[in-house]
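Subject: Structure for you to look at

Hello,

Here is the structure I promised to pass on. Please open it alongside this note.

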Amino acid sequence: MSAPLTIIGSGMAGIGLLRQLRALDTDRPVTLITADSGDDYSKPLLSTGFAKRLPPERLAARSALEMADQLGAVVRTHTRVDAIDPAGSCLHIGEERLPFAELVLATGAAPAVPFGIPEALAGRVFTINDLDDYRAFHAALEALGRPGRVAIVGAGLVGCEFANDLAAGGHAVSLVAPEHAPLPRLLPEPLGRALGQAFAEAGMRLYLGRGLARLKDAGAEVRLTLDDGERLEADLVLVATGLRPRSELARAAGLATGAAGIRVDRYLATSSPGIHALGDVACVAGVNAMYVQPLQASAKALARTLSGTPTAVSYGAWPVLVKTPLLPVVALPPLEPPARWRIEGDGFDLAALAEDQDERLIGFALTGACVKRKVELARAAPPLLG
């Protein structure tokens, strides 16, 4: 029998790895440890559920107990690992010492909140990164008994997807960000401005080019003061200011880490023998791609490696499909700043081609009707991790 496997994390990476492993090995003992409820759900639904008016229970495909039964694993929910002891091959969970033979870290990424949240606002200022977060925010919206006024801080991928989703669900949305156009990491500014215009035409209030200076409890409202002195009021605030890999456990255990997460090779192996990492927490050969396709490719490759067939992971030229139906967006951001962006089209239908000094395509961004070019351009672009 294969050595027991322990997985920390029950998100798409941890559960995806378990599924891939079970397709190759139905007998290996697996323990999955998660700090949350452990329900099996599709994370992309977190940013489409409000438009569809889905209660939290509709997002979960199966409970942790059902998943444990179907995938033949021990699942420990609401269990926080305090420390990893690589030399002793054990995990510290409170006073418990849990041995492991092989360990996989799939701890994901946590919302990065660059400002303090007053204690009085704890029930009205949220981040959404898992199903438990969705439950809390959904309950707060339901408690209003009417469409909510929601201020979203951050105009990146998460902020824009939730803005579109909440507006489609009938809520009044304000979007606050220091950048002058949405999606600054995915789109050159002209395409970002097109998305902002689509948002504004749908009734959103945009406060771009301005940062948040202060949050204040104003009775039944939350008052946001911007860095130019302007104020706005909201029922609830959603903070979407980026994600940070949850690599603290690995760092404290002496594993090689960096700002982009736990450093692993193409076989998803960390600097400590017998310990692997994948998903949002892992920086694979210098690349941390927090998207679904790289995660799925990593799970498939690591399952084969753990089953006795060492398999290096590869990432293709996989564009990111942003869930903003108000204006469809597809982007393949270049790994390095391009020498130029060549922009074609007009209005909402724009194509931006990122080129290097030799005029070779190294990335692209598409909006509106131009998203139909994604397959053609992806075939011409270099792989993310070849």
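Below is what turned up, starting with the cores and ending with the strands.

First, a caution: this is a predicted model.

Nonpolar cores

The largest nonpolar core has 53 residues. Ile-7, Leu-17, Ile-84, Leu-91, Leu-105 and Leu-278 have the most contacts inside it. Helix α8 (residues 292-306) gives the largest share of this core, seven residues.

Take a look at Leu-278. Leaving out residues up to four places away in sequence, Leu-278 touches Ala-13, Leu-17, Val-104, Leu-105, Ala-106, Leu-268, Leu-295, Ser-298, Ala-299 and Leu-302.

Another core, of 42 residues, lies apart from the largest one. Ala-140, Cys-160, Ala-177 and Ala-352 are among its members.

Strand β13 covers residues 172-177. Five of its six residues are buried, so the rest of the structure largely encloses this strand.

β13 pairs with strand β12 (residues 149-153). The sense is parallel, over five bridges. Ala-172 in β13 is the bridge partner of Arg-149. Between the two strands, the chain runs from β12 through helix α5 (residues 157-168) to β13. This β-α-β crossover is right-handed.

β13 also pairs with strand β14 (residues 205-208), again in the parallel sense, over four bridges. Here Leu-175 stands opposite Leu-206 in β14. The chain goes from β13 through helix α6 (residues 189-201) to β14, and that β-α-β crossover is right-handed.

Best wishes

How values were computed. Residues numbered from 1 in each chain as written. Predicted model: local features only at pLDDT ≥ 70, side-chain atom pairs only at ≥ 80, totals over all residues. Heavy atoms only, no water. Core = buried A, V, L, I, M, F, W, Y, C linked by side-chain atoms within 4.5 Å. Buried < 20%, exposed > 50% of the residue type's maximum accessible area, 1.4 Å probe, protein only. Contact = heavy atoms within 4.5 Å. Pairing = 2+ DSSP bridges. Right-handed = clockwise from strand over helix to strand, strands pointing away.
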